[in-house]
Amino acid sequence: MKQIAQIEYLDIEKKEDYEEIINKVLNECFIEENLLNTHMYISITLTTPNNIKRINKEYRNIDKETDVLSFPMFEQDEIQAIIDTHEYDVDDVLGDVVISLEKVREQAIEYGHSFERELAYMLVHGFYHLMGYDHIEEEDKAIMRLKEEKILKKLNITRE
């Protein structure tokens, strides 16, 4: 499996289980969106609620905790141009995804499913934000949710 995630731990203990989930999920995302042959990668930071709150305040001017933050490096049409023209000669970061592992644990309990499922969802959700999708408008939200669920279903990561 191609290494497509650069994983950082910010005040969180490193665990191979996290890395296995991250690599498995992002590999499937890259396959689905025809990015596997590119030299793109994603920077993933796993952190605490306090750190994600600080990052959210610093970069988005929103002074509250959240579960996942995404910082894309390209517009949707730029990504498509890279795929279409096969301009794969340079390693480049698709973007950064920051995840609060404590929020992942809380939400897994709240929604009644596994930690793995919630972390996988946060990864897929963050990935599709990097790809230029959002969920502000209902129509856009429906498209993004279908893409997210397709990845999770392919990986057999269910809500149970």
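How are helix 5 and helix 6 set to each other: parallel, antiparallel, perpendicular or oblique? I opened the notebook with that, keeping in mind that this is a predicted model.

**Entry 1: helix 5 and helix 6.** I looked up the axes of helix 5 (residues 115-130) and helix 6 (residues 138-154) and found them 10 Å apart, at an angle of about 135°. Angles over 145 degrees would count as roughly antiparallel and 65 to 115 as roughly perpendicular, and the two helices are therefore oblique to each other. I noted a right-handed crossing for helix 5 over helix 6. On the helix 5 side, I listed Arg117, Ala120, Tyr121, Val124, His125, Tyr128 and His129 as the residues in contact. Helix 6 meets them with Met144, Arg145, Lys147, Glu148, Glu149, Ile151 and Leu152. I sorted the residues of this contact into 7 nonpolar, 2 polar and 5 charged.

**Entry 2: helix 1 and helix 6.** I then turned to helix 1 (residues 16-32), whose axis comes within 10 Å of that of helix 6 and crosses it at roughly 120°. That angle makes helix 1 oblique to helix 6. The crossing is right-handed. From helix 1, I wrote down Val25, Glu28, Cys29 and Glu32; from helix 6, Lys150, Ile151 and Lys154. The contact holds 3 nonpolar residues, no polar ones and 4 charged ones.

**Entry 3: helix 4 and helix 5.** I found the axes of helix 4 and helix 5 to be 8 Å apart, with a packing angle of about 120°. Helix 4 is therefore oblique to helix 5. I recorded this crossing, too, as right-handed. Helix 4 brings Leu101, Val104, Arg105, Gln107, Ala108 and Tyr111 to the contact, and helix 5 brings Phe115, Glu118, Leu119 and Met122. My tally for the contact of helix 4 with helix 5 is 7 nonpolar, 1 polar and 2 charged.

**Entry 4: the largest pocket.** Which element gives the largest share of the lining of the largest pocket? I first looked up the space in the pocket, which is about 670 Å³. It is lined by 27 residues, and I marked Asp67, Val68, His125, His129 and His135 as the closest to its centre. Two or more lining residues come from each of helix 2 (49-60), strand 3 (68-72), helix 4 (101-111), helix 5 and helix 6. Helix 5 gives the largest share, with 6 residues. I counted the lining as 9 nonpolar, 9 polar and 9 charged.

Technical notes
Residues are numbered from 1 along each chain as its sequence is written. This is a predicted model: local features need pLDDT of at least 70, side-chain atom pairs count only at pLDDT 80 or more; totals for chains, interfaces and linings use all residues. Side-chain values use heavy atoms; hydrogens and water are left out. Axes are lines fitted to C-alpha atoms, for helices over the stretch in contact, and angles run from 0 to 180 degrees between N-to-C directions. Helices (H or I, at least four residues) and strands (E, at least two) are DSSP runs, numbered from the N terminus. Angles under 35 degrees count as roughly parallel, over 145 as roughly antiparallel, 65 to 115 as roughly perpendicular and the rest as oblique. A crossing is left-handed if the near helix is turned anticlockwise from the far one by less than a right angle, and right-handed if clockwise. Contact means heavy atoms within 4.5 Å. Ala, Val, Leu, Ile, Met, Phe, Trp, Tyr, Cys and Pro count as nonpolar, Asp, Glu, Lys and Arg as charged, and the others, Gly among them, as polar. On a 1 Å grid over the protein atoms alone, a cavity is a set of points where a 1.4 Å probe fits but cannot get out, and a pocket is an open set with protein on both sides within 12 Å along at least five of seven lines; lining residues have an atom within 4 Å of a point. Grid points are joined across faces, edges and corners, and a volume is the space filled by probe spheres set on the points.
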